Amino acid sequence: MLNSGVYGIFSKIDDRVYIGSTINFNRREVDHFNKLKLNIHGNKFLQNFVNKYGIENVEFVVLAKCPSEYCIKLEQFFLDNFDNKFNIRLIAESNFGLRASNETKQKMSKVRKGKAVRGYGFTVTEKTKFKMSEAGKNKVFTEKHKQNLKIAAQKRSKELSQKHKGNNNPSAKLDWDKVNYIRNS
């Protein structure tokens, strides 16, 4: 089942739309909405709209599914055929696989020094570590909470088990074509 293609984030108030392409619709939707909620989205037009009207007034819609190698061309088609866009870039291009130069990396490092950037770039003092440890030790979980954790763990385990069965198992040596070939010979 294809999970790659082109999507739109549509305004429910007017006819504006943000067009994008992805290799994973679910992950991309979550990424957009988390950044919009945290007020750190890279697209200032979309971010300003959400800040003004609220996140409930935008909607993520899958426009077309296609193999990943066609995503950029299909995204360009939609960019050319939608008039009122939030998009900053009007030419579809992917940032996937781009690498920053050493100079750019040094500049980014300099800017982030001393700041907590997603948990990196700062040190936790021994006093803070102690407080975190003590807070964790004193937690009391209700039986209902323990049961919910157990159910969630079982569900995750079952999903992973299903995901890695047969040909999808990374350790699989045979697939059905090879098995049938062996049987027939």
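## Salt bridges

R89 and E93 form a salt bridge, with their closest N and O atoms 3.6 Å apart. A salt bridge here is a side-chain nitrogen of Lys or Arg within 4 Å of a carboxyl oxygen of Asp or Glu. The model is predicted: local features need pLDDT of at least 70 and side-chain atom pairs count only at pLDDT 80 or more, while totals for chains, interfaces and linings use all residues. Residues are numbered from 1 along each chain as its sequence is written, and side-chain values use heavy atoms, with hydrogens and water left out.

The structure holds eight salt bridges. The table gives three of them, including the one between R89 and E93.

| Salt bridge | N to O distance |
|---|---|
| R28 and D31 | 2.5 Å |
| R89 and E93 | 3.6 Å |
| E134 and K137 | 3.4 Å |

Buried means under 20% relative accessible area, exposed over 50%, and partly exposed in between (1.4 Å probe, protein chains only). R89 is partly exposed at 38%, and E93 is partly exposed at 47%. R28, at 24%, is partly exposed, as is D31 at 27%. E134 is partly exposed at 27%, whereas K137 is exposed at 57%. Salt bridges with shared partners join R28, D31 and K35 into one network.

Two of these pairs sit within a helix. Helices (H or I, at least four residues) and strands (E, at least two) are DSSP runs, numbered from the N terminus. R28 and D31 are three residues apart in helix 1, about one turn; E134 and K137 have that spacing of three residues in helix 5. An α-helix has 3.6 residues a turn, so residues three or four places apart point the same way.

## Helix 5

Helix 5 covers residues 126–137 and has twelve residues. The helix reaches 17 Å from its first C-alpha to its last, close to the expected 16 Å, which is 1.5 Å times one less than its number of residues.

## Nonpolar cores

A nonpolar core is a set of buried Ala, Val, Leu, Ile, Met, Phe, Trp, Tyr and Cys residues joined through side-chain atoms within 4.5 Å. The largest has twelve residues, among them Y7, I9, F33, L46 and F60. Strand 1 (5–11), helix 1 (25–37), helix 2 (44–53) and strand 3 (58–65) each give two or more residues to this core. A second, separate core has seven residues, including V17, I19, L79 and A92.
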